Structure formats: C-alpha cells, structure tokens
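Biologist: I would like a close look at one part of this model, and then at what lies around it. Please keep the account plain and go step by step.

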Amino acid sequence: MTESPLELTPLFHVGPVAITSPVITTWGIMAAMLAFCLLTTRNLQLRPGKVQALLELVVGAIDHQAEEVIRRDPAPFRAVVGTIFLFILLANWSALLPGVEPPTARLETDAALALIVLAASGYFGVRLRGTRGYLKSFAQPTWAMIPLNIVEQITRTFSLVVRLFGNIMSGVFVIGIVLSLAGLFVPIPLMALELLSGTVQAYIFAILACVFIATAVSGDDAPAETSSKHGSTS
Amino acid sequence: MHIDWWTLALQTINLLVLVWILSRFLFRPIADIVRQRQAAADELLEKAEAQRQQAEEEEKQAEAAQKAAEKARGNVLQDAGREAESEKAQILADARKQADDLRAAVEAEIERRRKAEQAKIGEQAGALAVEIATKLFTRLPDSAKIDGFVQGLAEAVAKLPGQARDEIGADGAAVTVLAARKMSDAEVASCRDALSGALGREVSVSVKVDPALIAGLEIELPHAAVRNSFHADLDRIATELAGHAEA
C-alpha cells in the first residue's frame with residue numbers, strides 16, 4: 001500500500017516526541033533568520049546602509065499595512081504580524097532549495113500559524129478592551145449571535161489553515177509531478193510562479209491576521225490610540 | 001487525514017519562539033533606530049526652528065536698533081539744526097548789535113566832530129566878528145569910547161540888587177571904574193554924577209585904564225561886576241555865536 005503524501009514520517013524521536021521534517025525545516029529557517037538579524041542589527045546607524053535601509057523598508061511596510069487595516073498604532077501588533085509574514089514568506093520560498101519541502105505545505109504548520117492568529121486576536125482583544133469588553137463583542141449585534149460568532153472564530157481559523165495549506169501544498173505537488181514526468185528544468189517556470197504565489201499567500205495570511213486582530217480590538221469600548229508610526233517598540 | 005499533534009505543538013512553540021526572536025532582534029532594534037532618527041530629526045528641526053526664531057528675533061532687534069539709531073540721528077540733526085539756527089540768530093543779533101553800536105558810535109563821533117567843527121567855526125566867526133568890531137571901533141573918536149557909555153553904566157548900576165549897590169563906594173571908598181582910555185576930568189565928573197544919581201548918594205571915582213575894553217566903562221566889585229563896554233558886548237556876542245554853533 002502506497003503511503004499518503006500528506007502523512008508525516010518522523011525523522012527521529014526525542015523521547016516520546018516525534019521530530020518531523022517541517023520541524024527541522026522550521027528550525028533551519030529560525031536559525032537563518034536569527035543569524036541574519038544578529039548580523040544586520042548589531043550595528044545600526046542613524047545613517048543607514050543598504051541592508052539596514054532594506055530592513056527599515058520591510059518593517060515600515062509591515063507597520064503601514066497593519067496600521068491601514070487595524071487603524072491603530074501598529075507597534076503592539078508588529079511582532080506577531082511581521083513574524084507571520086516573514087516566516088510564511090521564507091517558508092514558502094524554501095521550496096527553491098533542493099530537497100527541502102516548505103513547512104507551510106504541511107497542515108500542522110499552517111494550523112500552528114492559525115492558532116497563533118486566533119490567540120493573538122484574543123490576547124489583543126482582552127488587552128485593549130478588557131475581558132468583559134472582548135467577551136461582549138461575541139454578543140454583537142444580539143445575544144442570539146453568540147453561537148454563530150464562536151463558530152465564526154473557528155471557521156475563519158480553519159479557513160486560514162486550509163487556504164495556505166491548499167495553495168502551498170498544491171504548488172509543491174504540481175512541481176513534483178511535473179518534475180517526475182518532464183525532467184529537471186521543466187518545472188522552473190512553475191517554481192517562479194510558486195515564488196509569486198508564496199509571496200501573495202504570505203501577504204494574504206498576514207493581512208487576514210490583521211483583519212482578525214482589528215475585529216477583536218475594534219469597538220466602542222476600545223480605548224482610542226494615537227497613531228505614531230515607528231514610534232514605539234514592540 | 002491525519003494530524004501529527006507533536007508536530008503541531010512543536011511548530012506552535014517554534015513560531016512563538018520566532019515571534020520573540022524577531023521581536024527582540026529585528027523589530028525592536030529597527031523601531032529603536034527609526035525612533036532615534038526621528039528624534040534626531042525632530043531635534044534638528046527644533047534647533048533649526050529655534051535658530052530661525054532667534055534669527056528673526058535678532059533681525060527684529062536689529063531693525064529696532066536701526067530705527068532707534070535713525071530716530072536718534074534725526075533728533076541729533078534736528079537739535080543741531082535748532083542749535084545752529086539759534087546760534088546763527090545769536091550771531092546775527094550780536095553782529096547787528098555790534099553794527100548798531102558801531103554805527104551809533106560813528107554817528108556820535110561824527111556828531112561830536114560836527115559840533116566841534118561848528119564850535120570851532122563859531123569861535124573863529126566870533127573871533128573874526130570881535131576882530132572886525134575891534135577894528136571898526138578903533139576908528140571911532142575917543143569921546144565916543146567914553147561918553148556914550150556913562151549913562152548905560154549908571155543904569156546898570158541902578159538895576160543891581162541893593163546889597164551889590166551898597167558895596168559900591170561903601171565907607172567912602174572911591175569906585176574904581178575901568179575905562180578904555182584915560183578919562184578927562186569932565187568925563188570923570190560926569191561919570192561920578194551919573195553913579196551918584198544911580199546910587200542915591202555921593203561917591204568918588206578912580207579910573208583905571210584898560211585898552212582891552214575898546215570902548216566903554218566897567219566896575220569891578222568884590223561879589224559882582226558891572227560891564228558896559230564893547231569888550232563885554234563882544235564877549236557876549238562871541239559866546240552867543242559859539243552857543244548857536246554848538247546847537
């Protein structure tokens with residue numbers, strides 16, 4: 001019987017914990033990002049170099065998008081939204097490396113991302129509106145909507161998981177099938193297309209995370225904040 | 001479809017760790033440096049604004065100082081103008097006064113010289129008149145130099161105040177009569193009779209000759225004199241001429 005390509009095969013075990021390839025790839029991405037951050041941010045200057053200017057451009061773009069969607073000072077949300085965007089982007093692009101399967105092509109990674117978005121929306125909702133205010137948002141517009149709002153929280157989390165998983169996994173499968181049928185260099189256009197698709201998916205996931213957070217923190221009982229771009233640390 | 005829960009848990013932990021890593025080593029340093037740059041830019045802008053305001057303030061002060069200097073200059077010029085005008089008026093007044101004084105002095109000097117000249121001319125005219133009269137009277141006969149004056153002398157004596165008349169021939173002393181020439185006995189007697197008649201008492205007469213009288217008789221008293229001679233008349237004429245000349 002042929003094994004399902006969606007099944008994960010543990011590479012090794014650490015005690016009872018099975019270590020799979022998405023975890024290993026994620027560790028690699030994390031190590032690369034940590035090394036890059038340490039190298040590039042250890043000597044920041046008021047007059048930025050090219051790399052610093054690029055980093056500031058990326059961070060500024062993330063702040064701008066988060067502020068546009070959430071309509072608040074983006075500093076508190078920068079870490080979550082930025083990390084989600086950068087991780088998904090690099091994870092999707094990791095497919096370019098030979099023998100590497102992007103972690104986002106696995107359901108567990110996407111589910112972990114969606115869980116973090118769900119937890120972040122709850123965290124920021126409670127932090128900015130208070131527990132009572134956040135829970136009251138489930139009773140909008142009427143108490144009868146409480147079950148539906150709870151279901152909405154679950155379904156939209158699932159939609160995040162399924163959207164990212166379906167897009168990335170399908171791309172990996174298509175490239176794998178074409179590679180097995182046509183030859184070594186034929187899938188290159190598809191891989192380029194997958195780069196674009198990975199970028200778009202990272203952007204969509206991050207924007208949807210902002211939308212969910214904005215839904216959680218918006219309301220009459222939420223304290224107004226003055227927007228101050230790049231003005232405070234996360 | 002199977003979900004590996006260990007992988008899900010590990011990926012969740014991995015992502016949370018990644019959130020911390022990026023927050024600590026990427027987003028926070030970048031945000032810090034951007035904030036520092038913004039603060040530096042704000043500081044520069046504030047300094048520039050402060051310098052601009054200071055420059056404007058200094059410009060205003062300079063303008064005020066310039067206006068004050070112009071005003072002071074105007075005041076100084078105005079004061080100097082007034083002072084010069086006053087000094088000019090003073091100088092003109094002094095000059096005018098000096099000119100007036102000088103003119104008055106000159107006019108006074110001219111007047112004085114004119115009067116002196118007139119007096120001199122008067123004196124010369126008087127002297128000339130006296131000289132002419134003297135020459136004319138020398139041609140008169142000797143009898144005319146005495147006879148015509150006896151009666152006049154007696155009338156003059158009669159007009160004297162009482163005390164002056166009492167002094168004439170008092171205590172029996174002879175009355176000294178000055179004559180232009182030596183008088184004859186008849187003339188002396190005539191003179192004595194005339195004087196006795198004028199005084200109302202008998203007096204004696206002694207005669208002293210004084211040719212300077214030209215013609216006529218005179219009596220010298222201790223406190224008065226009775227003159228009835230050409231010499232006295234010419235003196236009065238010369239005095240009158242001199243007085244007219246001075247006037």
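Which residues does Pro10(A) touch, not counting residues up to four places away in sequence?

Modeller: The model is predicted, and what follows should be read with that in mind. Once residues up to four places away in sequence are set aside, Pro10(A) touches Ala18(A), Ile19(A) and Thr20(A). Pro10(A) itself sits in the segment before β1 (12-14) of chain A. Its relative accessible area is 33%, a value between the limits of 20% and 50%, so Pro10(A) counts as partly exposed.

Thr20(A) is in the loop of chain A that runs between β2 (17-19) and α1 (21-41). Thr20(A) has a relative accessible area of 0%, and because this is under 20% the residue counts as buried. In the chain, Thr20(A) and Thr9(A) are 11 residues apart, while 6.3 Å separates their C-alpha atoms. With neighbours within four places in sequence left aside, the residues in contact with Thr20(A) in chain A are Leu8(A), Thr9(A), Pro10(A) and Leu11(A). The list for Thr20(A) also includes Asp4(B) and Thr7(B), which belong to chain B. With Thr7(B) there is a polar contact between the two side chains, at 2.9 Å.

That contact leads across to chain B. Asn14(B) is part of helix α1 of that chain, which spans residues 5-138. Asn14(B) is buried as well: its relative accessible area is 6%. Its side chain makes a polar contact of 2.8 Å with the side chain of Trp27(A). The side chain of Asn14(B) also has a polar contact with that of Gln11(B), here at 3.1 Å. Leaving out residues up to four places away in sequence, Asn14(B) touches Val23(A), Thr26(A), Trp27(A) and Met30(A).

Helix α1(B) can be followed to other helices of chain A. Two packed helices are described by the angle between their axes and the distance between the axes. For helix α3 (residues 75-93) of chain A and α1(B), the angle is about 110° and the axes are 9 Å apart. An angle from 65 to 115 degrees counts as roughly perpendicular, and therefore α3(A) and α1(B) are described in that way. On the side of α3(A), the residues that meet α1(B) are Arg78(A), Ala79(A), Gly82(A), Thr83(A), Leu86(A) and Phe87(A). Facing them in α1(B) are Leu15(B), Leu18(B), Val19(B), Leu22(B), Ser23(B), Leu26(B), Phe27(B) and Ala31(B). Sorted by class, this contact has 10 nonpolar, 3 polar and 1 charged residues.

Helix α2 of chain A (residues 50-70) also packs on α1(B): the axes come within 10 Å and cross at roughly 100°. These two helices are therefore roughly perpendicular to each other too. From α2(A) the contact uses Gln52(A), Leu55(A), Glu56(A), Val59(A) and Ile62(A). From α1(B) it uses Leu26(B), Phe27(B), Ile30(B), Ile33(B), Val34(B) and Arg37(B). By class, there are 8 nonpolar, 1 polar and 2 charged residues in this contact.

Chain A has 6 helices and 2 strands, and from the N terminus its elements run β-β-α-α-α-α-α-α. Among its 234 residues, 43% count as buried. Of the contacts in chain A with a separation of 6 or more, 69% are between residues 24 or more positions apart. Chain B has 5 helices and 4 strands, in the order α-α-α-β-α-β-β-β-α along the sequence. It has 247 residues, of which 28% count as buried. In chain B, residues 24 or more positions apart make up 73% of the contacts with a separation of 6 or more.

The cysteines come last. A disulfide is a covalent bond between the sulfur atoms of two cysteines. Searching the whole structure, over all chains, gives 0 disulfides. Cys37(A) is buried, with a relative accessible area of 2%. Cys191(B) is likewise buried, at 1%.

Terms used
Residues are numbered from 1 along each chain as its sequence is written. Chains are lettered from A and ligands numbered from 1 in the order in which they are written. This is a predicted model: local features need pLDDT of at least 70, side-chain atom pairs count only at pLDDT 80 or more; totals for chains, interfaces and linings use all residues. Side-chain values use heavy atoms; hydrogens and water are left out. A disulfide is a pair of cysteine sulfur atoms within 2.5 Å. Buried means under 20% relative accessible area, exposed over 50%, partly exposed in between (1.4 Å probe, protein chains only). Contact means heavy atoms within 4.5 Å. A polar contact is a pair of N or O atoms within 3.5 Å; within protein, one must be able to donate a hydrogen and the other to accept it, and residues adjacent in sequence count only if both atoms are side-chain atoms. Axes are lines fitted to C-alpha atoms, for helices over the stretch in contact, and angles run from 0 to 180 degrees between N-to-C directions. Angles under 35 degrees count as roughly parallel, over 145 as roughly antiparallel, 65 to 115 as roughly perpendicular and the rest as oblique. Ala, Val, Leu, Ile, Met, Phe, Trp, Tyr, Cys and Pro count as nonpolar, Asp, Glu, Lys and Arg as charged, and the others, Gly among them, as polar.
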